Amino acid sequence: MVTTRPTLARFAAASLVAAVVGICAAGSADADADAQAGRYVEVLDLTIQNDQYAATDLGPAGPSLGDMDVYSGNALQDGRRVGRGGGSCQVVHLEGEKRTTQCLITIELERGSLTMQSLWTSGVGELDMAVTGGTGAYSDARGTAHYWDIATPNERMRAEILH
């Protein structure tokens with residue numbers, strides 16, 4: 001079979017259109033588009049119950065680069081423990097009283113672990129983290145986890161995981 005330049009150009013244009021449509025479908029919150037693309041969104045609404053916490057003050061006393069907060073706790077759903085997790089936030093930038101930290105969290109759930117990462121600035125009560133992957137049922141996970149009421153007895157997380 002001989003392929004001509006116009007045929008290749010039409011094929012390349014069709015491939016580009018298909019790629020753009022695929023990117024738009026994966027980036028949308030529309031579950032139907034995700035289902036048509038062979039992907040689905042799993043939503044996890046969890047209450048976070050912190051049980052251990054440690055702060056490490058490196059370098060000079062007070063906030064400085066490298067200082068770290070380490071924490072762990074339980075993930076609850078409808079009052080029942082469904083997982084356990086932990087993480088750390090390390091200071092990566094200081095500007096006046098504001099501390100920016102690089103945060104990493106892993107939550108172990110029944111079907112596997114879920115990993116998340118983001119920057120967080122002190123004083124902000126909410127946090128969006130990128131879902132960066134995981135293990136088991138979450139080995140292909142991508143998406144966003146939103147946290148409210150951080151480091152309080154009412155801390156909550158809603159993860160929208162794209163598989």
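**Salt bridges and their surroundings**

Let me start with Arg-156, which is partly exposed at a relative accessible area of 37%, where buried means under 20%, exposed over 50% and partly exposed in between, with a 1.4 Å probe and protein chains only. This is a predicted model, in which local features need pLDDT of at least 70 and side-chain atom pairs count only at pLDDT 80 or more, while totals for chains, interfaces and linings use all residues. Residues are numbered from 1 along each chain as its sequence is written, and side-chain values use heavy atoms, with hydrogens and water left out.

The side chain of Arg-156 meets that of Asp-149 in a salt bridge, at 3.5 Å from N to O, the term meaning a side-chain nitrogen of Lys or Arg within 4 Å of a carboxyl oxygen of Asp or Glu. Asp-149 is itself partly exposed, at 33%. By this rule the count comes to six salt bridges.

Another of them pairs Arg-111 with Glu-42 at 3.1 Å, N to O. Because Arg-111 sits in the loop between β4 (98-109) and β5 (112-121), and Glu-42 in strand β1 (residues 41-56), this pair ties together parts that are 69 residues apart in sequence; strands here are DSSP runs of E, at least two residues, numbered from the N terminus. Arg-111 is partly exposed at 41%, whereas Glu-42 is buried at 11%.

Finally, Arg-158 bridges to Glu-160, with the closest N and O atoms 3.3 Å apart, and salt bridges that share partners join Asp-45, Arg-158 and Glu-160 into one network.

Notes
Helix = DSSP H or I, 4+ residues; strand = E, 2+ residues; numbered from the N terminus.
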